[in-house]
2 protein chains.
Amino acid sequence: MPRKTIIKKITPDLVCVGSVALDILHTATVTTRKILGGSAIHFSNAASLFCSVGIVGTVGEDYPHERIRFLHERGVDFSGLEVGAGKTFLWEGRYSDDFSSRETIRTELGVFAEFNPKIPSHFKKPRVLFLAAIAPQLQLSVLNQVDDVRLVALDTFKLWIDTRQDTLLEILESGKVHLVFVNDDEVRWLTGERNLLKGARIIQEMGPKWVVVKKGEHGSFLLSDKGLFMVPPFPVEEVVDPTGAGDAFAGGMLGYLASQSRFYDSTFRRALGWGSVIGSFYVEGFGPDGLKNISKTALSARYREYQKMTQVP
Amino acid sequence: MPRKTIIKKITPDLVCVGSVALDILHTATVTTRKILGGSAIHFSNAASLFCSVGIVGTVGEDYPHERIRFLHERGVDFSGLEVGAGKTFLWEGRYSDDFSSRETIRTELGVFAEFNPKIPSHFKKPRVLFLAAIAPQLQLSVLNQVDDVRLVALDTFKLWIDTRQDTLLEILESGKVHLVFVNDDEVRWLTGERNLLKGARIIQEMGPKWVVVKKGEHGSFLLSDKGLFMVPPFPVEEVVDPTGAGDAFAGGMLGYLASQSRFYDSTFRRALGWGSVIGSFYVEGFGPDGLKNISKTALSARYREYQKMTQVP
C-alpha cells in the first residue's frame, strides 16, 4: 500500500481578496477582446514580482485559466479561487481620448454577485493582507477569518462610500485595518474635506495608521505617524491603458512591504516608490501586459531612475 | 564749492522686467482693499531673499511707494521703475471657493498700456534676467537692450499665446532665452500636445535649454539636457491667496540661481526646490504678505522639511 504523501501547504507572504474579471476596453485607438481583469489579478501580477502571493476570488465556468499561467509560474497560489456555476464577472468600458475619464458600457457581475470569500486555512496568517475594493461586508467577513496579520491594507471605491459608508467606517474604526488606499475624490467623498492633506488626516484619525492618497497622473502621498511623504508620478509618455494601475500600485507597494523583514518608516517610503514605478509600467500595456514579461533588471533600472529624478539636493 | 559725490551704481545679480500693479481680490471669505500686485513685485519679493534684484516697470501717480519700503530695505533697486502720468495698472478678480479657478472683474491698464521698458545702464549686464509675462514685443525690446546675460528666463501667458504667438516663437527660437516657465495649459496651447512631458520636449526643441512646467497644486518639473527632474508641491493646508505664487516660484528659483557662482545640474534642482518652497509660503498670505516678514530660519527649515518629505530611499 503506497504511503500517503502529505504536502504541507505554505502560507503566502501576502494574501489578496478581490475581483477576478474579464474586461473589454475601448480606447481612442483600440477595442480589446475579453482580456484579463479584476483587482486580484492586477494586484497579484504586481505583488508576485516581490513576494509569494495567494489570491481569493471567484470565476465562472468560462474563465480562461490557461491565460493566468504566467501568474502560476510566478508562484501565485490560486487555492482561494473558486469556480462557480455561471459566468465570470465581465466589465466593458470606454476611456476618453486622453484617459482622463471613463464610462461603463456594461457590467455583468455573473458569479461575482454571489462572492462570499472563504479563506483557505493556509491563508489565514499571512504577513500582509490586501482587501481590494469589494463590498465592505465582505471585507469584514475576511477580517473575521484571518488572525495575526502583520499589516492589513484596504482599498475601496465610490459605490461603497455612497451605499455602504456605515460598514466601511465600522471597519476603519475597528482598528483592524492598518493602511488604507484612497484616491483624491474618495478623500473628499469620505470626509467632506477638499484639502487632501486635511482629509487624509481625518481618515487617519478614524483608525488606519497609514493613509495612501493616490492622485493618478499627479503622484501620491503617504501619511503616517512619522509625517508626510510625497512622490510625483514616474512620467509615462504613451499611456496605453490605465485599467488596473491602481491595483498594481497597491500590489507593488504591499508586495515590497511583504518582502521585507522589518517595517521601518524608510521601508514604507521605498514601498511607495515601488508602487509608483510599478504603476508606471502598468499603464504601458493593455490589462496585465505592462508587467507580464518584465525583467528584474528593467524594474530596478526604472526605480533608480525614479530616485534620481525626484531627489531634491 | 562742495565736491560732487559720484556713486557708482552696482549691477544687480538679477533683473526683472514686468508689471507693477494694484490688485483687489475676492476670495470665499475676504475682499481686499487695493493691495500690492504685479509680476515684478511678487517676483522681486521672492528673489530678494537670495540675491540683489533690480526691477523695470511702470506705475502711475497714485502708486503707494511707502508700501514697497520693505523691498527697498531688502535692497531691491527701483531705478527702473518709471512713474507715468496716469494711474497704476489695476486688476480686480474673484477666486472660486477652492481657488481652482478665478474670474477677472476689472482690468484697468492705466500707464501699463504704454509700458515701454527702458533698461537703466547699470542693469544691462546682470547674471540673470527675468522677462515676466509682458507682451512678447516688449520682451524682445528688452532682449535687445541687454548684453552678456548668463541666464535669460521668460514667462508668458494665454493672451500672448493666443494673440502674439509669432513674436513669442521668434523669441524662443532666437536662442536668446535659456529657460522658459510654462504651466500645464500653456504647454498644451503652445504645442498642441496633451502629454506634458512630450509638450515640454517640443518647447525645448524650439530653443530654451531648460523648460520648467508648473502644475500648480500638483508640483512642477524641469526638463534639461540632463534629463527630467520632478517635484511634488510642498503641501499647504490653508491657502489664503494664490495670486503671485507663480511669480514668486520663479523668483525663488531664479533668485537662488543668481546667488550661485556656478550652474550645475544640481544647482537647477536645488533652485526648483526653492521655487516650490517659496511658492508654498506665498499662498499663505494675501498679495506679498506670505513672504513679507519671513526669516531665513523659517525658509531653511521648510526647505529641509521638503527635502525629507520627498526623498525616495
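1. A polar contact is here a pair of N or O atoms within 3.5 Å; within protein, one must be able to donate a hydrogen and the other to accept it. In this predicted model, the rule finds 17 residue pairs in polar contact across the interface of chain A and chain B, with both residues at pLDDT 80 or more. Helix H10 of chain A (296-310) is among the elements that give two or more residues to the side of chain A that touches chain B, and H10(A) supplies the largest share of that side, six residues. By type, the residues of this side are 14 nonpolar, seven polar and ten charged.

2. Chain A and chain B each bring 31 residues to the contact. Between them they bury about 3100 Å², of which 53% lies on carbon and sulfur atoms. In chain A, the residues that lose the most area to chain B are Glu237(A), Val312(A) and Pro313(A), together 22% of what that side buries.

3. Four salt bridges are counted between the two chains. One of them pairs Glu237(B) with Arg201(A), whose closest N and O atoms are 2.5 Å apart.

4. Within chain B, helix H6 (residues 184-191) has Glu186(B), Val187(B) and Leu190(B) buried. These buried residues line one face of H6(B), because they fall within an arc of 105° seen down the helix axis. Their packing partners in chain B include helix H7 (196-206) and strand S11 (210-214).

5. As for the ends of H6(B), Asn183(B) caps the N-terminal one, with a side-chain oxygen 3.1 Å from the backbone nitrogen of Asp185(B). Gly192(B) follows the helix and has a positive phi, near 75°.

Terms used
Residues numbered from 1 in each chain as written. Chains lettered and ligands numbered in written order. Predicted model: local features only at pLDDT ≥ 70, side-chain atom pairs only at ≥ 80, totals over all residues. Heavy atoms only, no water. Contact = heavy atoms within 4.5 Å. Buried area = accessible area lost by both parts, 1.4 Å probe. Salt bridge = Lys/Arg side-chain N within 4 Å of Asp/Glu carboxyl O. Helix = DSSP H or I, 4+ residues; strand = E, 2+ residues; numbered from the N terminus. Nonpolar A, V, L, I, M, F, W, Y, C, P; charged D, E, K, R; others polar. Buried < 20%, exposed > 50% of the residue type's maximum accessible area, 1.4 Å probe, protein only. Arc of directions from axis to C-beta.
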